[in-house]
Amino acid sequence: MKASLVTIEPNGHSCSDCAVREFAVCSSLDAAELRELEHLGRRVHFAAGQTVFSEEDITTSFYNVLDGVMRLYKLLPDGRRQIVGFALPGDFLGMNISGRHNFSADAIGTVTICQFAKAPFTRFIEDRPHLLRRINELAIRELTQARDHMVLLGRRSADEKVATFLLGWRERLILLKGPIGTVPLPMSRQDIADYLGLTIETVSRTFTKLERLGVIEIIPGGIGLLDAERAGALAAA
């Protein structure tokens, strides 16, 4: 985990050129509200490995992911890392009840976020029920993903876990980008292992096994899904 040395753009960027606005928390806002929101946020760029925020830090900002992928994780008492999710463009991070971050967030590759200071953003949403509804929608989606992850961790075989992860990741990318030929995997095998509750050796063996069975093709930076039906059968086992 590296120190948070970042590049910060000045306030007042234009929301009209945001590539993920239709997926993001601000999708419910009209043109006038977007112009007001522009002055509350600032774009921040993180290099690979840099920390966006840390578990148990006091929440002072909210974060809308604009570009890149982030790993979200908790450190267990024995020092092990449990990855609880991967954030994609359009995801909104930082909302919590305790006032402290529930997990840490690092940039996997280059990441750009729109950062909103907590106090002014909270005032901004107070009289905008449509924005509150959108935040609730995102919170429900996050809760659903957390429940799916709990089920995933309870699966008995590595084949089931890896197949479910690959199909779920592919589905998230399709919703974001549309149909894709190959499935990019910017996270490391160790990241996948820490997400699935497996060892890196088991994850690597399972990828090799799925390739040998003709389910996937391992390519630099990702996989090709050759037999989606068989992968789906494994995930549903």
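In this predicted model, helix α5 is followed by G197, a residue whose phi is positive, near 75 degrees.

**Helix α5**
- Helix α5 spans residues 189–196, and because 6 of its 8 residues are buried, this helix is largely enclosed by the rest of the structure.
- The residues of α5 that are buried, counted here as under 20% relative accessible area, are D191, I192, A193, D194, Y195 and L196.

**Helix α2**
- In helix α2, which runs over residues 118–126, the buried residues are F121, F124 and I125.
- These three cover an arc of only 90 degrees around the axis, and therefore they lie on the same side of α2.
- An α-helix has 3.6 residues a turn, so residues three or four places apart point the same way.
- On the face of α2 that is turned away from its buried side are the exposed residues R123 and E126.
- The packing partners of the buried α2 residues are the helices α1 (31–38) and α3, together with the strands β4 (61–67), β7 (92–93) and β9 (111–117).

**Annotated region**
- According to an unreviewed UniProt entry, residues 25–94 carry the annotation "domain: Cyclic nucleotide-binding".

Methods: Residues are numbered from 1 along each chain as its sequence is written. This is a predicted model: local features need pLDDT of at least 70, side-chain atom pairs count only at pLDDT 80 or more; totals for chains, interfaces and linings use all residues. Side-chain values use heavy atoms; hydrogens and water are left out. Buried means under 20% relative accessible area, exposed over 50%, partly exposed in between (1.4 Å probe, protein chains only). Helices (H or I, at least four residues) and strands (E, at least two) are DSSP runs, numbered from the N terminus. UniProt positions are given in the numbering used here, feature names are shortened, and annotations may be inferred rather than shown by experiment. The arc is that of the directions from the helix axis to the C-beta atoms. Contact means heavy atoms within 4.5 Å.
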